[in-house]
Amino acid sequence: MGGYESIILTVITAATPLLLAAIGELVVERSGVLNLGVEGMMIVGAVLGFAGAQATGSAYIGALCALGAGMGLALLFGFLTLHLVANQVATGLALTLLGLGLAGMIGEAFVGQPGIRLERLHIPGLSTLPFIGPVLFGQDLLVYLSLALVAGVSFVLFRTRAGLIIRAVGDNHGSAHALGVSVIRVRYFAVLFGGACAGLAGGYLSLAYTPQWVEGMTAGRGWIALALVVFSTWRPLRLLAGAYLFGAVGILQFHAQAGGVAIPSQFLTALPYLATIVVLVIISRNRVLTRINTPACLGQPFVPDR
Amino acid sequence: MRKLLSMAAAAVLSFGVVGAEAADKLKVGFIYVGPIGDYGWSYQHNQGRLAIEAALGDKVETVYIENVSEGPDAERAIERLARDGAGLIYSTSFGFMNPTLKVAKKFPNVKFEHATGYKRAANVSTYSARFYEGRYVIGQIAARMSKTGTAGYIGSFPIPEVIRGINAFMLGAQSVDPDFKVKIVWANSWYDPGKEADAAKALLDQGVDVLAQHTDSPAPLQVAEERGAIGFGQASDMIKFAPKGQLTAIVDDWSVYYVNRTKAVLDGTWESTDTWGGLDAEMVLMAPFTNMPEDVANAAKETVEKIRSGKLHPFTGPIYKQNGELAVADGILLDDQAMLGMNWYVKGIDDQLPQ
């Protein structure tokens, strides 16, 4: 395996869970809901994905369990914030705490067991091509799914009526309501989609990235996903670039260290976050851009007819 | 309200005291810095707790609090155990040192055991393990098994404990192959499976063929297995994660110490002591030597035996620092104080120590 090729493969692996979780959250935030519980949904997805794969012997069923687990927690979040109009920030944080505790409890029996790996696709003739073969045609299904989701979300949000409705609900729920759109229902769908994506992202960790279950294995990736959404200014294609940039910086810093480049490793570890801050500064300087892309009703509860 | 409930539920889940009440038994409390499901540091301490239960049965009752962060929270957690009637409390992380001493002052009748610290009191003992002895052994194995002559080493943080381990590893390797090289990367985390796996991949991509780690998850070993490389388990025997890749593992075993100290409290013979045990005290164990030729395994066993009997000490002079300065004179053993504060690399390591 050539050097560059395997670096690229590693970057893809590192970027995929971020991308999956972030693309879901992007849709949630576009609909005007701020769900800070991504980390919690991810970790429950990771443990149930692992459990599902262990129980059935199939990593694909595991991935489905992860998806379901994320949606389950998202449903709880939706019920609390959309139905009972609880504060979204506090509920999201509670969801993270709940998810971390719950996952630890469920996962107790799985500690110290090797997991089942999600197989990489093998397309005869294509996967064995030099360089582009393994990179383009030799990934596991979730990698392709994450890329398809970016394309799909980008298309739906900006080219379809459904996307227009989602954005309208996120930008001005009062007007959308007046036009006869069911704000709550749209937001429920968005929140559930976000949960499914976060669950899958967790499943990717315990089934493909490092096929094992250990407590706290998400290690803050849910928070990075949240940062990525802001970093991307709520644009799917920028999100894709951001996720791969975050992934690449994370990997290249190890190569720099192993190659003896004398940059403090702590600085390199902090680099993606510094990049986020820089981007935030840049986008907040451009008022028009900010106003166009930021969902105006982000985090605001909606109570019809009051 | 529901939000409050779910927050409370989460708080209970992540910070719950587990255990049942019983009278006239010695209650033994444990404070863990991580989750017991980490399959690393806290997991092994919890194995020690289970060993106490197994050995002393109905004479004791154990309770634990996991995920206690190092700081003010720790004091509250330790005090809670003391108030709940614990007669012996193990606080199992370096950062619990001052909180343990503070609580110990308030409860002079409760015995405390603090792991890896250096401050003691009449009712506070300290204990740690000489993991570097195991690292010397794996250094020798790495030098014998590597085809490229270069090992990869994943460090957590550049603190004396980890630097001592890297030095011991290299001294072991150099005793076999004086030109042996090591590439070191810092994960800046004790515990992040994804990052550890990334670090392992980067090292393998840079041409190392043996991996050693001073981070807690089995992820690097799993990567080694996948890539057809070899490596060493950390804290626990991780052979299940790398049946073809694990050569051996440095296992933290606290059970002998924990059972003895708990017995001492039951007998009334407990005294404040400082214990730093290694292979000889069976606080450090080597997992079975696997996936290597018999002569390599035999050489490793011999080294273990020599260290155990005191014939071999990994830090015996002459040892030179990176810049060629003599650190330990010929025939002299480096004393514990110097080892506890080690902040220099031995000669032969090319990397710069992060400051």
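**Close-up views of a predicted two-chain model**

**Figure 1. Lining of the largest cavity.** The lining residues of the largest cavity comprise five nonpolar, two polar and four charged (nonpolar: Ala, Val, Leu, Ile, Met, Phe, Trp, Tyr, Cys and Pro; charged: Asp, Glu, Lys and Arg; polar: the others, Gly among them). The model is predicted: local features need pLDDT of at least 70 and side-chain atom pairs count only at pLDDT 80 or more, whereas totals for chains, interfaces and linings use all residues. Residues are numbered from 1 along each chain as its sequence is written, chains are lettered from A and ligands numbered from 1 in the order in which they are written, and side-chain values use heavy atoms, with hydrogens and water left out. The volume of this cavity is about 50 Å³ (a cavity is a set of points, on a 1 Å grid over the protein atoms alone, where a 1.4 Å probe fits but cannot get out; lining residues have an atom within 4 Å of a point; points are joined across faces, edges and corners, and a volume is the space filled by probe spheres set on them). Two or more residues each come from helix H7 (193–205) and helix H8 (219–227) of chain B (helices, H or I with at least four residues, and strands, E with at least two, are DSSP runs numbered from the N terminus). The greatest contribution to the lining, five residues, is from H8(B).

**Figure 2. The interface of chain A and chain B.** The contact involves 45 residues of chain A and 43 residues of chain B (heavy atoms within 4.5 Å). About 3,600 Å² is buried between the chains, 60% of it on carbon and sulfur atoms (the accessible area, for a 1.4 Å probe, lost by the two parts on being put together, summed over both). A:Glu215, A:Phe254 and A:Ala258 provide 17% of the area that chain A buries against chain B, more than any other three residues. Eleven residue pairs, both residues at pLDDT 80 or more, are in polar contact between the chains (N or O atoms within 3.5 Å; within protein, one able to donate a hydrogen and the other to accept it, residues adjacent in sequence counting only if both atoms are side-chain atoms). The elements giving two or more residues to the side of chain A that touches chain B are helix H1 (3–30), helix H3 (59–83), helix H4 (88–107), helix H11 (236–258) and helix H12 (265–285) of chain A. H4(A) supplies the largest share of that side, eight residues. The residues of that side divide into 22 nonpolar, 18 polar and five charged.

**Figure 3. A salt bridge between the chains.** Of salt bridges, 16 are counted over all chains, and two cross the interface of chain A and chain B (a side-chain nitrogen of Lys or Arg within 4 Å of a carboxyl oxygen of Asp or Glu). A:Arg221 is paired in this way with B:Asp192, the closest N and O atoms being 3.2 Å apart. The pair joins two chains because A:Arg221 lies in helix H10 (residues 221–231) of chain A and B:Asp192 in the loop between strand S7 (181–186) and H7 of chain B.

**Figure 4. Backbone details in chain B.** The peptide bond from B:Gly317 to B:Pro318 is cis, with omega near 5°. B:Pro318 belongs to the loop between helix H10 (294–309) and strand S13 (319–320) of chain B. B:Asn67, although not a glycine, has a positive phi of about 55°; B:Asn67 is placed in the loop between strand S2 (60–65) and helix H3 (72–83) of chain B.

Terms used: On a 1 Å grid over the protein atoms alone, a cavity is a set of points where a 1.4 Å probe fits but cannot get out, and a pocket is an open set with protein on both sides within 12 Å along at least five of seven lines; lining residues have an atom within 4 Å of a point.
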